[in-house]
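Here is my note on the model, as requested. Please read it with the coordinates open.

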Amino acid sequence: MEKFLWGSATAAYQCEGAWNVDGKGNSIWDDFCHSEANVKGITGDVSCDFYHHYKEDIRMMAECGQTTYRFSISWSRILPKEDHVVNEAGFKFYDDVLAECKKYNIVPNVTLVHYDLPDYIGNKGGWLYDKVADEFAYYASVVFKHFGDRIPLYVTINEPTHNASCAYLTGNYPPNEKNVNHYAKCIYNMVMCNAKAIREFRKLDLNAKIGLVHASCSADILVDSEEYRVAQRNCEWFINGCVLDPAIKGEFDKDFVLKVKESNIDLSFVNEDDLAIIKENTIDFLGQNAYCRNVVKPYTTGETKVTVNNSGKGPAREGKIIKGWFESDFNDSMKLNKWGREIYPKCIYNCLIRRKKAYGDIPIYITECGHGAYDVADENGYVEDDDRIAFLNDFIYWILKAKEEGCNVKGFYVWSTMDLYSWINGYEKRYGLVRVDYNDPELPRIPKKSYYWYKEFIKEHSL
Ligand code: BGP
């Protein structure tokens, strides 16, 4: 029987550093972080410098007993310019990373784009660019042909809904807009990117699988009434169905499309040829990230607005008002983290049970799960992160319970392997199993208590 995979995850912009070496082009995150729009002025230019520390990081994964590693490829390292000329040094870096994984029998799970579009795509409109799906499919085919089945698990896009929401509703990720029509087009184009990349993947008949990583868990309500159930369904469409239905079932839900049209959202870009490509090119597995749930109630008033807490200084909650659809509700008795997010581990159980109901037995990997915190290190740099351990332990409990009840869960990844850049928040919001001392130019790695806890946990749970 196939073994359950236990591992951890990172993403290129957040950990690699080396932003301008060995022929890499700029990504929209390089441009954004170097611009005035980045008010905190913190960048991923160096971060924890995985580019030069990957051997150490992968060795530490292996010593922890991890059997899989999720990372992303920087599109701008592979195709730095719009002329489509491949940067061989980019291939070499990821060849080396894969070789290191192989040395320790660590299964690579590799994402093609984790937010960081190349600048030349960004300059043409980024996710809104009419040819973004063709460009993405081209890049994907270059990657598939080079790495082939050395990568057994490919992921097309990381968190389409969260990325689109931050970029086009909250406005905290580039291009920093608040525009519902652009949000809708972004989602549609990402769905097309996914389908067109899968079409390239299938042509090669690799001994590998392809999936998509999704952000949101589930929508919950605090009142059981017809009105609240409608709000819940609207939220499920908004945060889940809009991407998961086409990616898994090959089509958008008809009632969802009606609702979008009723809301006067521009859908003029939808065309029959695209819908046929979506129909033919669905994912093999779902990557489900696990952080928190959405609690919602019926929409009351106000324009569409999505807020997040990037300050980490207090109780400001994340919240959504989606005009005519739903708005956030708050259960004041719940525990929150410092960034105003509910800590509710059962959300992943509810999510998995609902995914099974909606999408049957599609294999699911929990591709991220983690606790952001201000870690405090002792004089040796050691962090006793008991809150993180409790968070992970509780989430895993609910994941394994869902598995026992028949959900087809096949692996789990802690976010993150080591400390790295947290989008907009910077470096003080930490998630790593391993501490990185950013004050020391050598960027030393020091395993935290959670690393040793995970090591023991994996040993006891080799499923
Ligand atoms: C997910 C992203 C990750 C990671 C994580 C933590 O949405 O896929 O890249 O950053 O969230 O989020 P943050 O760093 O914003 O706290």
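1. Basis. The model is predicted, so local features need pLDDT of at least 70 and side-chain atom pairs count only at pLDDT 80 or more, while totals for chains, interfaces and linings use all residues. Residues are numbered from 1 along each chain as its sequence is written, and side-chain values use heavy atoms, with hydrogens and water left out. Helices (H or I, at least four residues) and strands (E, at least two) are DSSP runs, numbered from the N terminus.

2. Barrel. Eight strands close into a barrel with parallel pairing, in the order β1-β2-β3-β4-β5-β7-β12-β13. Pairing here requires at least two DSSP bridges between two strands. Neighbouring strands of this sheet are turned by 25° against each other on average, direction ignored. Axes are lines fitted to C-alpha atoms, for helices over the stretch in contact, and angles run from 0 to 180 degrees between N-to-C directions.

3. Strand β1. Five of the five residues of β1 (residues 5–9) are buried, so the strand is largely enclosed by the rest of the structure; buried means under 20% relative accessible area with a 1.4 Å probe, protein chains only. Leu5, Gly7 and Ala9 point one way, Trp6 and Ser8 the other. Five bridges join β1 to β13 (residues 409–415), with Ala9 partnered by Trp415. Three bridges join β1 to β2, where Gly7 stands opposite Thr68.

4. Strand β4. Four bridges join β3 to β4 (residues 153–158), and the two run parallel. Val113 has Ile157 as its bridge partner in β4. Helix α9 packs on the sheet, touching β4 and β5 (209–214), and its direction makes about 160° with that of β4. Helix α10 also packs on the sheet, touching β5 and β7 (285–290), at about 170° to the direction of β5.

5. Helices α9 and α10. The axes of α9 (residues 180–204) and α10 (residues 226–249) come within 9 Å and cross at roughly 30°. The two are therefore roughly parallel, a label given to angles under 35 degrees. Tyr183, Ile187, Val191 and Asn194 in α9 meet Phe238, Cys242, Val243, Pro246 and Ala247 in α10; contact means heavy atoms within 4.5 Å.

6. Helix α5. At 1.5 Å a residue, the 16 residues of α5 (residues 88–103) should span 22 Å, and its end C-alpha atoms are 22 Å apart, which agrees; the expected span is 1.5 Å times one less than the number of residues. Buried residues of α5 include Phe91, Tyr94 and Leu98. The helix is followed by Asn105, whose phi is positive, near 55°.

Conventions:
Buried means under 20% relative accessible area, exposed over 50%, partly exposed in between (1.4 Å probe, protein chains only). Angles under 35 degrees count as roughly parallel, over 145 as roughly antiparallel, 65 to 115 as roughly perpendicular and the rest as oblique.
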